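Subject: Structure for your review

Dear colleague,

Please find the structure below, followed by an account of what was found in it. I would be grateful if you read the two side by side.

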Amino acid sequence: MSDGRRLIEVDFPIGPVSKESVREKSIRHGHISTLHIWWARRPLAASRATALAALLPDPGDDAKRRKLLTLVEKIAPWEVVRDGDSELIRQARELISQAYRGRAPRVLDCFAGGGNISLEALRLGCQAFALDYNPVAVLLLRCVLEYPQRFGRPASRREETSQGLTVERAVSPLVEAVERWGRWVLEEARREIAPFYPADPGGAIPVGYLWARTLPCQNPSCGAEIPLLRQTWLARKDARQVALRLVPDLACREVRFEIAEGKAIDFDPGVGTVARAKVRCPLCGGTIDADTTRRLFREGKAGERIVAVILRKPGETGKRYRVATEQDRAAFDAAAEALESKRQLLWETWGLDPVPDEPTPLGGGSGAERAFSVRGYGLTRWGDLFNARQKLALITFAQKVREAYDLMLAEGYDSDFAQAVTAYLAIAVDRLADKSASLVVYNVIGEKIEHVFGRQTMSMVWDYAEVNPLVDNGWPNGLEWVKDALACLARTGQRTATTATVVQGSATQLPWPDAFFDAVLTDPPYYDNVPYSDLSDFFYVWLKRTVGDLYPELFSTPLTPKSQEMVAHASRAGGMEEAKRRFEAMLTQAFREIHRVLKPDGIAVIVFAHQSTDAWETVIRALLEAELYMTASWPIDTEREGRLRAQESAALASSIYMVCRKRTMGQVGEYAQVRREVEQRVRERLQHFWDQGIRGADFFMSAIGPAVEAFGRYACVERLSGERVTVPELLQHVREVVARFALERILHHAAQAGSVDAPTRFYLLYRWTYNHARVPYDEARKLAQAVGVELASVTGSHGLVVRDKEDVRVPTPIERAKDSRFLKRESFTSMIDALHAACVLWSQNKQTALEDLLSTTYGSNEVFWQVAQAIAEVLPENDKERQMLQGLLYRRRVQYQARLL
């Protein structure tokens, strides 16, 4: 290495890697994310590219560096690794081998989760070590990293075609066995439960059933059973529209259904009988408030009803729909009876209830508990999330998987190989469970049954879809996804001799000696962002029933272990403040362990993605206390545009990849000098990030890394008085630097930014950073402070900021104008007040009042119009505020052109 630095410490191709990381979110077949759900996975593209750049030495020569950066860029696309080895991957592997003098570097991910980072280290020829505390993750890691390498590598085999020709084909024995026994499990299950999914007399096969939960109407004179439906669409496409019509039968006090298609839909299917737990009775019009709805569910007064059947006829395309009949209900009732007898039989054999009876998470409250609402509706056991036929199907498939293992041994399979095959079959059961709970909705646009974990929550669902597990979108679909992912994993590094090591343990107590690893590449949890253990309990209870006896070291406890989980969980810690304190202490200890196991010249790449500056203060303090200092940081887009969470909050699109080293010197920095170093480094990197197209909240977060690069080189930073400078003080200085830089770029000139008043600067930065999203009050306060504004001074009924409990938002001009005092000129305190008033008057076509306003305020000030243009540019297309600003600007241009004529 020229000066000991790695390539990632000098440069990194942010743009191309970000593009491939985002694109990867839409790639399905063969990707490990399709093997089994794991939450908050880092993209393989970013993991692969950062791993290579972290392991390669920087050549110290511009031409050679550009060549290496080109390779980093070229290995990012999925197509490079989709079929296993490729020329580019072999080239990358050879360069790493040369850098480490022919040995495979040891690389650790101590928060390994779904295994993305470790998989890419393995692919690049490293000795990959993956550790996780969660037993579900540990089993997945074995299926991603260990078993494909031990048992799955394809071998050449001669086979005869139907034409009598002999051909050579690469066959993975593990893939072949999983496919064979997966089909066996399906056929055995079909023999037992097919009668409970009867075909129609015309041969149409039910692929699913649509259910509505029910409540009794609380009107004493009514008392009807109310089917709870969010909406009544069945298919909602341009070319085809089908809906359920509710038909109130007053005489019988019941609600019947009819199928309506096309022009026969003379009602609004978007209006159902329930919204946000508030229920309306279709017969009497009576309502049930949200609190009463929850109480009735907890008291066991809720029921459920099949309302429609989704059908597919062999040989025909598309789906059919019909209203559920008594025969459909009878088939379900028969399944419920069969469940009870099978449950008793298996209970005696397995030694535990085959239907999961472990408790669901508490839910409610704050922190990680926000992800769960099912317990508030009386779903207190994991088995409560499934109807009787779903339970019967799942315990039947679990039973057949257990029997398959026994049969493999009887046929002479090696026990370790049989155990591996059974693990993949258990994963297929998990996939079926994810699609077979009563929390699954029907996608009326795609006409498909979704799955439980569309997001990182388990929320109550009023109407749900039940899949037929025996048809293509049930077990066969899940098995196919597992097989495709395994086939791709089996081809990973098939020409390398390296292996992976998977360990269950805590990142706060790593089971390896000092100075053991060449690199640590990891993605730690972020406070309460993802309640991993509670979410994974959904799968844990089924894995315990399929392979628990094969992995007693992982599945001996009632639920996943939680005492050492690094998640800020308020109810377990006695409050959110104590939960945060505990999380911060554990994160610091984990970083100390990373420091301990790293070699003196080792490198760590730690991924962090949190919009809260409090979280950043925590992670920076933890790094500094662990004597790790940042040498580089790179914001990489890792999130798919339009994802649910981003639409509802100011969630980041980027993850910051922090490159760290062990601090070896205890130098003390003088604050005035360090401030200059911070500002110089931040502005230098910000220009690079700006050129790469990074904007908004991601831009602010991307500046933190460069600041810590300058700040963190010192053991501590002190003023001349000897007083230590804190991390919050550093970050406030960073916000000020970023605010100035961003305003200069947004307004296209530094002088113009200086002539804009502070409240207007705040408004422009807020819109640029968060758009119309709500943000925590403290985040907005810090942003305001960076431009010299006290947030309280602009907060109020018609002010720039509206506070809502712990959050704030910045209202639009129309919202501000709802207060009659807003348009009074004496209430204006800033340029943005006048601009908002002008927007309102323009939208109301009050031209005389608008002209008067502009002539007596800022209409002749060119900066005023540049601010209007800048705000319009930072707002998204079709935004109403943007349209008002554009209309105002167009009016000015027309007037200017008229004067010229």
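A salt bridge is a side-chain nitrogen of Lys or Arg within 4 Å of a carboxyl oxygen of Asp or Glu. Lys544 forms one with Glu358, the closest N and O atoms being 2.8 Å apart. Lys544 belongs to helix α13 (residues 532-547) and Glu358 to the loop between α9 (326-350) and α10 (388-410), so this pair ties together parts that are 186 residues apart in sequence. Helices are DSSP runs of H or I with at least four residues, numbered from the N terminus.

Please note that this is a predicted model, in which local features need pLDDT of at least 70 and side-chain atom pairs count only at pLDDT 80 or more, while totals for chains, interfaces and linings use all residues. Residues are numbered from 1 along each chain as its sequence is written, and side-chain values use heavy atoms, with hydrogens and water left out.

**Salt bridges**

The structure holds 65 salt bridges. Another of them joins Glu744 and Arg683, at 3.1 Å from N to O. Glu744 lies in helix α20 (residues 727-746) and Arg683 in helix α18 (residues 671-691), so parts 61 residues apart in sequence are tied together. Glu744 counts as buried at 18% relative accessibility, whereas Arg683, at 25%, counts as partly exposed. Here buried means under 20% relative accessible area and exposed over 50%, with partly exposed in between (1.4 Å probe, protein chains only). Arg65 and Asp58 also meet in a salt bridge, at 2.6 Å; Arg65 is buried at 13% and Asp58 is buried at 1%. Glu179, Arg183, Glu480 and Lys483 are linked in a network of salt bridges.

**Helix α28**

Helix α28 covers residues 880-900, and its end C-alpha atoms are 31 Å apart, which agrees with the 30 Å that its 21 residues should span. That expected span is 1.5 Å times one less than the number of residues. Its buried residues include Met884, Leu885 and Leu888. The buried residues of α28 pack against α22, α24 (813-817), α25 (831-843), α26 (847-856) and α27 (862-874), where contact means heavy atoms within 4.5 Å.

**Cysteines**

How many disulfides are there? The count comes to zero, a disulfide being a pair of cysteine sulfur atoms within 2.5 Å. For Cys281, the nearest cysteine sulfur, that of Cys284, is 3.8 Å away. The sulfur of Cys716 is 19 Å from the closest cysteine sulfur, in Cys660, which is too far for a bond.

Yours sincerely

Key:
Helices (H or I, at least four residues) and strands (E, at least two) are DSSP runs, numbered from the N terminus.
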